[in-house]
Amino acid sequence: MKGLLRVFAVLLWLVAALGCAPDQDPSAGADGAMTEVGSIPEGPLPGDVTPTSVHLELEIIPDLPRFTGRVQISLRVDETLDKFWMHGDGLEIHSAALVLSDGERVPATCEQVHPDGIVQVTLSREVEPGDGVLEIEYGGEYSDSSIGLFRVEQGGDVYVFSDFEPIAARRAFPGFDEPRFKIPYQIEITTRSDYTALSNGAIVGEDGLGEGLKRVRFSVTRPLPSYLIAFAVGPLDVVEGPPVPPNDWRQDPLPLRGVAARGQGAGLGFALANTGVMVETLEAYFGLAYPYEKLDLVAVPGYSGAMENAGLLFYSEDLLLLDDHASYRQIEALGATNAHELAHQWLGNLVTMAWWDDLWLAEASADWMAVKIMTAWRPDLHYDRAQQASVYRTMDEDSLASSRSIREPVTDATGMYAAFDNLTYTKGAAILGMLESYLGEEAFRDVWRLHMERFGDRTATVFDFIESLDQVAGEDKPAGEIFRSFLFQPGVPNVTVSVRCTPEAAVVSLGQKRYLPLGEGTEVTGRWSIPVCMRWDSGSTEDRAGSCVVMSEASQEMSLGVDCPGWIMPNRAAAGYYRWIVEPGEYMPVGSASRMLDDREGMSLADSLAASLNAGETGAGGYLASVPDLAAALERSVSMAPVPELRRMFDYLLGPDDEEMARAYLGAIYQRRLEFLDRPGGAEAGSERARFRSELIAFLADVVRDETLREQLAAQAADYTGFEGDGRIHQEALPSDLVRTALVVGVQDLGEEYFDHLLFLLERETSLSVRKDLLSAIGSPRQPLLLARSRNLLLDELVRENEVPVLFWSLTRPPRTGGSWDWFQGNHAALVDRFPEWYRWGIPSYFAALCEQDQVPELRRIFDRYEQSIPGTATALRQAGDQVIMCDAYRSRHTEAARGFFRSLAGPGGPPDNAGFAVGDGGG
C-alpha cells in the first residue's frame with residue numbers, strides 16, 4: 001500500500017463527495033472543540049442530533065460471507081436541519097428514513113464521506129427540532145482481521161465475534177460511534193438454529209423462524225457507549241461456572257459462564273473457578289454491585305489481548321484456556337488480564353469517558369485496580385512487583401523527548417489509536433497509586449465511591465474526577481494540584497537528594513528536574529508537584545523514620561530531626577512516580593544498607609542506579625560494581641532487576657574479546673545465586689523459588705551461555721518436542737516456565753534438523769500458547785540461513801495473522817535486529833498487510849533496537865508513507881527514532897568503560913568465585 005497514493009485517493013473522494021465549499025457556522029463538539037457545520041467532523045460529532053436509544057436487528061450466519069441488519073435509532077433533533085452527521089464504515093445502505101413523532105417518514109440518504117467511517121445523512125426535507133426514529137436497513141462484509149464484526153474459522157467451524165474499540169462499531173451498524181453517546185441497546189440476532197448467539201444482555205427469548213434459523217432476543221442494556229457492544233455467534237461451548245453468591249451489595253447470585261469454540265470448553269475451568277473472588281473484591285472496594293445482569297468470559301479464537309465488553313468479556317484463547325501444565329507466567333497473565341477487564345465493568349463501563357482524550361483514566365484505573373485484585377486473589381504471585389517493573393520500563397519511554405502527556409487532545413482517529421500505549425496504562429496507573437499513597441487507602445477509596453455515585457451510567461471527564469478527588473482530599477492536601485502536574489506534561493521527574501548534618505539538625509535538600517537519558521539533549525524541562533516520601537535510618541535498624549513533603553519548587557529543604565541518618569531512601573515503598581539520585585557520599589543505600597529496604601524499594605534502588613547509568617551520571621564500571629549486592633537480594637524482583645541492563649551491555653557495549661570475561665564475572669554472581677536458591681534464606685518463600693530458578697536459568701543460558709545448562713536445556717527441549725522420537729509435545733518433560741528458554745536453546749544448539757522439527761510441530765499444533773512458544777524459538781536461531789527462513793515465515797500462511805507480531809518480535813531482538821531491518825526494507829508492504837490491523841501502528845517500535853543514529857533517516861523514509869493510512873504510526877516512529885539516537889549515545893558514552901571494567905578482571909585468578917558477595921545473609 002502506498003501512503004502517498006492513499007492521500008490523493010482520499011482527497012479526490014472528498015472533493016467528489018462534498019461538491020462545494022463547506023459552510024462556516026461553528027458548533028461545539030463533545031469536549032468543547034469547535035466543529036464547523038458542513039466540514040467533516042473527524043473528531044466529535046456536532047451537537048445538533050442526539051441519540052437516546054438503539055434497537056438493532058442483525059442476521060449473523062457465520063458460514064455466509066455477509067451480514068445484514070436493521071437499526072432503529074431513537075434520537076432528538078435539537079435544531080432545524082436537513083443534514084446531519086453519524087457513523088458507518090464500509091456498509092451498504094439499502095434504505096433510510098427519519099420517522100417523526102407524528103408518524104411521517106422523511107426519506108434520507110446516507111453517504112460515507114471519509115475513510116474513518118464518517119457519514120453524512122441528507123433528509124428529503126428540512127425538519128424542525130423534536131423526537132424521531134432513524135430507521136436504516138443495511139448490509140456489510142465481515143472483517144478478515146480481529147476488528148469490527150469478524151469471522152474466525154477453527155476446527156472446520158466458523159464463528160463471528162466483534163471488537164469495536166475505539167471506532168469499529170460503525171463497521172457493524174450505522175450509529176453514533178462515540179463514547180459520549182451512552183444509551184440503552186435492544187439487540188436481536190438471527191442465526192442458525194443450532195448455533196449459540198450471545199450479546200451484552202441476557203437472552204430473554206428465542207423464536208423459530210423456519211428454514212433452520214432462529215431469532216435470539218436479548219434484554220435491554222443499561223446505558224452503554226457503542227464500543228462496548230459485543231456479539232459472539234457460532235457452535236460455541238457454553239460452560240456454567242459457579243455463580244457469584246449474594247453479598248451486602250447484591251441480593252441475587254450473579255450468573256457466571258465461560259464460552260469457547262467447540263471442543264474447547266474443558267479449558268475454562270480454572271478461569272471460572274477463580275473469577276468470583278475478583279468480582280467480590282471489586283464489589284467490596286466500590287461498595288457497589290457488579291453493574292450488569294450476567295458475566296460471560298469468552299475465549300475468542302484467533303484473537304489477541306482482551307476486551308471489557310459489558311457483561312460479555314473477550315480474551316485470546318491462550319489467556320483464558322489453561323490446562324494442568326500452565327506456567328506461573330500464564331497464570332499471572334490470566335489473573336492480571338481478568339482483573340483488569342473485570343475492573344473495567346465499573347471503571348470505564350459504568351462510568352465512561354466522554355471522549356477519547358480521557359481513555360487513559362479508564363485504562364489506568366483498571367490497571368491500578370488489577371494490582372489490588374491480584375493481591376487479594378494470589379498474593380504469592382507478587383503481582384505488584386511485576387507492575388512496578390513495568391512502571392520502570394514505561395519511565396524509559398516517558399523519558400524520550402518525543403514522549404507525550406498522559407492526557408492530550410484527541411482530534412481524529414490518529415490520536416485515538418496513539419492513546420493506546422504504556423503512558424495511558426502504566427504511567428496513568430502509577431500516578432493513581434502515588435495519589436493513593438499520599439491520601440491514604442481509605443480516602444482514595446472514598447474518591448472512587450463518590451465518583452461512581454456522581455457519574456454512574458453516565459460519562460465523565462478528568463476534570464469531573466479532579467472535582468471528586470479534591471472534594472475528598474480537602475483543602476489541606478493539594479491532591480488536584482499533584483494530579484494535574486503529572487497529567488498535562490510529559491516526562492519523569494528526577495529528584496536529587498543531599499543531606500547536611502549539624503549539631504542542631506539533619507537537613508535534606510531536594511531538587512527536581514526532568515530526567516533525560518543520553519542523547520535526548522538538555523532543552524526539555526519540567527516542574528511537578530511531587531509528593532516525596534522518604535525513609536531513613538535515624539540511629540538504629542529498628543527505628544526507621546519517615547516523612548513526606550509536596551515538592552512544587554525546583555528546590556526545597558526538610559528537616560530529618562536531630563540524628564544524622566546512616567542511609568536514606570528517597571522514595572518510600574516506591575510509591576512515587578519519579579527517579580532519584582542521592583548525591584555522592586554515604587547516604588546511597590547500596591550494599592549492607594540495602595538490606596533495610598523492602599522489595600519495592602529495592603526495585604526503586606535498582607532502577608535509579610540503571611537510570612543514572614543511562615543518563616551518563618554514573619559510569620559503566622560503577623554500575624557493574626553494584627550488581628553483586630543487588631543480585632544477593634532474597635526477592636526475585638530485586639535480584640533479577642539488573643538483567644535488562646546487563647543484556648543491553650552485551651548487545652551494544654562489548655566486543656568478542658570482552659564477552660568471555662563478562663560471562664565469567666556475571667556467571668560467578670548468578671550461578672552462585674542459583675546454587676544458594678534452595679538453601680535456608682536462599683529465597684523469600686517457597687512459592688517464589690520455582691519462578692526465581694527459571695529466571696536465573698534463562699539468564700545464565702541465554703546471556704552468560706553456561707555450557708552445562710545449555711546442554712541440559714537442549715536435551716529437555718528435544719524430549720519436550722519428541723525430537724527423534726514420537727514427534728509429539730510432552731509437557732511433563734519441562735517445567736512450564738522454562739519451555740520457551742529451552743526451545744530457544746534447542747533451535748540455537750541442535751541445528752537445522754531441530755528447526756525443521758519445530759516447523760513440523762507448528763503445522764499440527766492448535767494450542768495458541770504452545771504455538772507462541774514454538775514461534776519465539778523459530779525466530780531466535782543464530783545461523784544466518786535459518787534466520788532467513790524465519791523471516792520469510794512472516795509472509796507464510798503457516799503463521800497466523802495474530803501470531804505475526806510474536807515471530808517478528810523475536811526476529812527484531814539483538815543481535816538479529818540489523819538483518820531483520822534489511823529484510824523489512826524489501827518486504828514492508830507485504831508484512832504490513834499481514835500484521836493484525838490493530839497492531840500495525842506500532843511496527844516502528846520493533847526497530848528501536850537498531851542503535852545507530854545514521855539509520856534514523858531510513859527508518860523515517862520507510863514509515864513516513866504509512867502515516868496517513870495507519871493512524872498512530874507517526875507517534876511510534878518518533879519514539880523509535882528517539883530510542884535509536886539514545887542507544888547510540890549510550891554506546892558512545894559507556895563502551896570503553898564497560899570493556900575496561902571487564903578487562904581489569906582478567907588479572908591473576910580472574911573474577912572471584914563469589915564475585916564479592918555471599919547469598920543468604922543479604923550480601924555486602
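A residue is called buried when its relative accessible area is under 20%. In this predicted model, histidine 55 has a relative accessibility of 18%, so histidine 55 counts as buried. The residue lies in strand S3, which spans residues 49–59. Its side chain makes a polar contact of 3.2 Å with the side chain of glutamate 188. Beyond the neighbours within four places in sequence, histidine 55 touches Arg70, Val71, Gln72, Gln186 and Glu188.

A second region of interest is a sheet. Strands of a sheet pair through backbone hydrogen bonds, in either a parallel or an antiparallel way. Here, four strands form an open sheet in the order S28-S25-S24-S30, and the pairing is mixed. Strands S28 (555–561) and S30 (579–582) stand at the edges. Each has a single partner strand, so one side of each lacks a neighbour in the sheet. On average, neighbouring strands of this sheet are turned by 25° against each other, direction ignored. Strands S24 (residues 493–501) and S25 (residues 506–514) run antiparallel and are joined by nine bridges. Arginine 500 has valine 507 of S25 as its bridge partner.

A pair of helices comes next. Two packed helices are described by the angle and the distance between their axes. The axes of H20 (residues 739–750) and H22 (residues 768–778) come within 8 Å and cross at roughly 35°. This crossing of H20 and H22 is right-handed. From H20, Val739, Arg740, Leu743, Val744 and Val747 take part in the contact. They meet Lys772, Asp773, Leu774, Ser776, Ala777 and Ile778 of H22. By class, the contact of H20 with H22 holds seven nonpolar, one polar and three charged residues.

Technical notes
Residues are numbered from 1 along each chain as its sequence is written. This is a predicted model: local features need pLDDT of at least 70, side-chain atom pairs count only at pLDDT 80 or more; totals for chains, interfaces and linings use all residues. Side-chain values use heavy atoms; hydrogens and water are left out. Helices (H or I, at least four residues) and strands (E, at least two) are DSSP runs, numbered from the N terminus. Buried means under 20% relative accessible area, exposed over 50%, partly exposed in between (1.4 Å probe, protein chains only). A polar contact is a pair of N or O atoms within 3.5 Å; within protein, one must be able to donate a hydrogen and the other to accept it, and residues adjacent in sequence count only if both atoms are side-chain atoms. Contact means heavy atoms within 4.5 Å. Two strands pair if DSSP finds at least two bridges between them. Axes are lines fitted to C-alpha atoms, for helices over the stretch in contact, and angles run from 0 to 180 degrees between N-to-C directions. A crossing is left-handed if the near helix is turned anticlockwise from the far one by less than a right angle, and right-handed if clockwise. Ala, Val, Leu, Ile, Met, Phe, Trp, Tyr, Cys and Pro count as nonpolar, Asp, Glu, Lys and Arg as charged, and the others, Gly among them, as polar.
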